[in-house]
Amino acid sequence: MNNTFSLYRLQQLDSQRIERLKRIKQIDQIIASDKAVLKAKSVVQKADDALTSNNNELENVRLKVEEKTLKLKLTQAKLFGGKINAPKELQDLQAESEALRRTIKSLEDEQMVLLEANDVCQDVKKDAEAGLQQLLNKKASENSLLLGEREKLKMQLPKINSQRESLKSQLDEKLLNEYDALFKSKGRVAVAEIFDGSCKACGVELSPTDIQQAANPNVLMKCKSCGRILYKI
Ligand SMILES: [Zn+2]
């Protein structure tokens with residue numbers, strides 16, 4: 001068995017595995033932290049808050065109008081009930097009635113302003129909700145591509161894993177330990193290809209003898225600069 005080739009193949013499988021896991025994590029992050037969607041949701045929330053506060057104000061004014069109208073009715077009943085005859089008292093009741101009418105008029109003006117503002121609030125909310133829905137539709141199709149990609153990557157992992165395991169089981173334990181140690185200490189690249197006469201991992205130029213040695217399946221040749229196992233394709 002060609003050990004160098006097996007280690008090279010193991011490196012390829014490890015790199016494929018890392019690449020896929022990294023991309024899956026990236027896709028999860030993209031979907032979870034969609035800033036545009038979060039912003040559109042906060043716009044809808046603000047519009048909803050404004051509408052709720054306007055409705056509360058309207059209800060307050062409506063209750064005040066109700067209260068003052070009832071009071072006016074009572075005052076009028078006293079004024080024209082015939083039970084009170086004292087001119088001073090009648091004058092006071094008259095004055096109170098007028099004051100109540102003025103208050104009611106000003107409350108009704110306030111109500112009109114609030115009702116107009118309510119229309120605006122409803123329009124703003126409707127627009128914000130439509131904007132959010134549009135964005136969600138757009139994101140759904142964008143995300144469906146990402147989710148499809150994620151699914152495909154995930155489905156490739158079991159095959160890569162089983163190939164790794166079967167390759168590992170065929171490798172000599174000492175060799176595998178050496179690979180693992182390099183894998184951990186050299187940024188998850190234990191085996192480097194020889195590319196254009198150089199170590200592809202660190203870029204150092206290799207002598208023709210080194211290259212020849214690396215091509216020999218019986219020799220485990222390491223890069224003199226970075227220490228990785230060299231493999232001649
Ligand atoms: Zn190197």
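Beyond its neighbours within four places in sequence, alanine 192 is in contact (C-beta atoms, placed from the backbone, within 7 Å) with Cys199, Lys200, Ala201, Cys223, Arg228, Leu230 and Tyr231. This is a predicted model: local features need pLDDT of at least 70, side-chain atom pairs count only at pLDDT 80 or more, and totals for chains, interfaces and linings use all residues. Residues are numbered from 1 along each chain as its sequence is written.

**Nonpolar core**
- The largest nonpolar core has 17 residues. Such a core joins buried Ala, Val, Leu, Ile, Met, Phe, Trp, Tyr and Cys residues through C-beta atoms within 7 Å.
- Leu7, Val191, Ala192, Cys199, Ile229, Leu230 and Tyr231 touch the most other members.
- Helix H1 (3-32), helix H4 (173-185), strand S1 (191-195) and strand S3 (229-231) each supply at least two residues of this core. Helices (H or I, at least four residues) and strands (E, at least two) are DSSP runs, numbered from the N terminus.

**H1 against H4**
- Asn3, Leu7, Leu10 and Asp14 in H1 meet Leu175, Tyr179 and Phe183 in H4.
- The residues of this contact are five nonpolar, one polar and one charged. Ala, Val, Leu, Ile, Met, Phe, Trp, Tyr, Cys and Pro count as nonpolar, Asp, Glu, Lys and Arg as charged, and the others, Gly among them, as polar.

**Positive phi**
- Arginine 188, in the loop between H4 and S1, has a phi near 65°.
- Aspartate 196, in the loop between S1 and strand S2 (198-199), has a phi near 55°.
- Most residues other than glycine have a negative phi.

Technical notes. Buried ≥ 20, exposed ≤ 12 C-beta atoms within 10 Å, placed from the backbone. Contact = placed C-beta atoms within 7 Å.
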